[in-house]
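I opened the file to go through the sheet, the packing around it and the confidence of the prediction. My entries follow in the order in which I looked things up.

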Amino acid sequence: MQQSLFSFSFLFLFLHFTKTLTQSPAAAPVQPPPAAPPLQAPPSQPPSGVQVPVTRGPLDVVKVLGKASHFTVFIRLLKATQVDTELFLQLNNTNNGATIFAPTDGAFSGIQVGTLNSLTDGDKIELVKFHIVPTFISTSQFQTVSNPVRTLAGTGKRFALNVTTAGNFVNITTGLTNTTISGTVYSDNRLAIYQVDRVLLPLDVFTPKPPAPAPAPALAPENPKKTAPFVESPNFNNPKDVSGSYSPANSRCIEGLLTLVIHWN
């Protein structure tokens, strides 16, 4: 009897131990460490940045740049020079488009402190207009533009803005600035705004102007020609001329007259 009870107790403990083992969670397999992300190749084109959706209704450059943000300095210059009004009238009252190279706030922080405040009102207008082309240029058209590109600031060597392309990059040079377009801010069939990370400095504003040519010397007045003094010929009908001068010829004439009078008498 005791042996049977012992065998039964042993069997009960064995079954309980086996059930406990089968219910215990299996150990999680050891996971290998995550692989390092692969090195990414540099992008084949510059980042596009924040692009503002196409605007319906009147085009307002200031509002478009305000939605894109980080163009506060350029917006202030547009308003201070009233170029924003000129652009608004051009884009909404004519068939002419416009292309704007908009410098970011970081671009303006790259120029020397106090530079903008030292400019005259006329220089500020030239600086702003130097960033604006009076025609619409799409990204694909940069490959065929003619250099130098004409801006609203004017033409000539001191306003030269040249555009070249290399793949998807668009490079801009002014003689003082060399930069690339870093993104498209806005683009439709009339207006294109491209982001640049450096201020485009025109030679006409930021380099000494050539000296003005010296005025031509005034011509000296011509010396009047000297003329011989006028001498009146003797007038024998004037008694003063006859009595006031004596000569042998006159004496003989008088003698002849006296002789004639005597013989006549």
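**Notebook: sheet, cores and rings**

I began with strand β5, which pairs with strand β6 (residues 191-196) in the antiparallel sense over five bridges; I took two strands as paired if DSSP finds at least two bridges between them, and helices (H or I, at least four residues) and strands (E, at least two) as DSSP runs numbered from the N terminus. This is a predicted model, in which local features need pLDDT of at least 70 and side-chain atom pairs count only at pLDDT 80 or more, while totals for chains, interfaces and linings use all residues. Residues are numbered from 1 along each chain as its sequence is written, and side-chain values use heavy atoms, with hydrogens and water left out.

**Entry 1: the hairpins**

I noted that β5 and β6 form a hairpin with three residues between them, and that tyrosine 186 stands opposite isoleucine 193 in β6. The β4-β5 hairpin has four residues between its strands, and glycine 175 in the turn has a positive phi of about 100 degrees.

**Entry 2: the whole sheet**

I read the strand order as β2-β1-β6-β5-β4-β3, an open sheet of six strands with mixed pairing. β2 and β3 stand at the edges with a single partner strand each, so one side of each has no neighbour in the sheet. For strand β5 (residues 178-187) I found seven of the 10 residues buried, so the strand is largely enclosed by the rest of the structure; buried means under 20% relative accessible area, exposed over 50% and partly exposed in between (1.4 Å probe, protein chains only).

**Entry 3: the cores**

I then asked which residues touch the most other members of the largest nonpolar core. Of its 33 residues, these are Val61, Leu65, Ile100, Leu191 and Ile193; such a core is a set of buried Ala, Val, Leu, Ile, Met, Phe, Trp, Tyr and Cys residues joined through side-chain atoms within 4.5 Å. Among the elements that give two or more residues to this core are α2, β1, β5 and β6. A second, separate core of 17 residues includes Phe101, Leu161, Ile172 and Tyr194. Leaving aside neighbours within four places in sequence, I listed Phe71, Phe74, Ile75, Leu78, Ala102 and Ile193 as in contact with leucine 65, where contact means heavy atoms within 4.5 Å.

**Entry 4: the rings**

I looked up the aromatic pairs and found three. The ring centres of phenylalanine 101 and phenylalanine 142 lie 6.3 Å apart with their planes at 40 degrees, so this pair is tilted; rings of Phe, Tyr and Trp (its six-membered ring) pair if their centres lie within 6.5 Å, with planes under 30 degrees apart counted as stacked, over 60 as edge-to-face and the rest as tilted. Ring pairs link Phe101, Phe142 and Tyr194 into a cluster. Phenylalanine 101 counts as buried at 1% relative accessibility, and phenylalanine 142 does at 3%.

**Entry 5: confidence**

Last, I noted a mean pLDDT of 78, with 63% of the residues at 70 or more; pLDDT is the predictor's confidence in each residue, from 0 to 100. Over residues 32-48 pLDDT stays under 50, as over residues 240-244. Where pLDDT is low, the predicted coordinates should not be read in detail.
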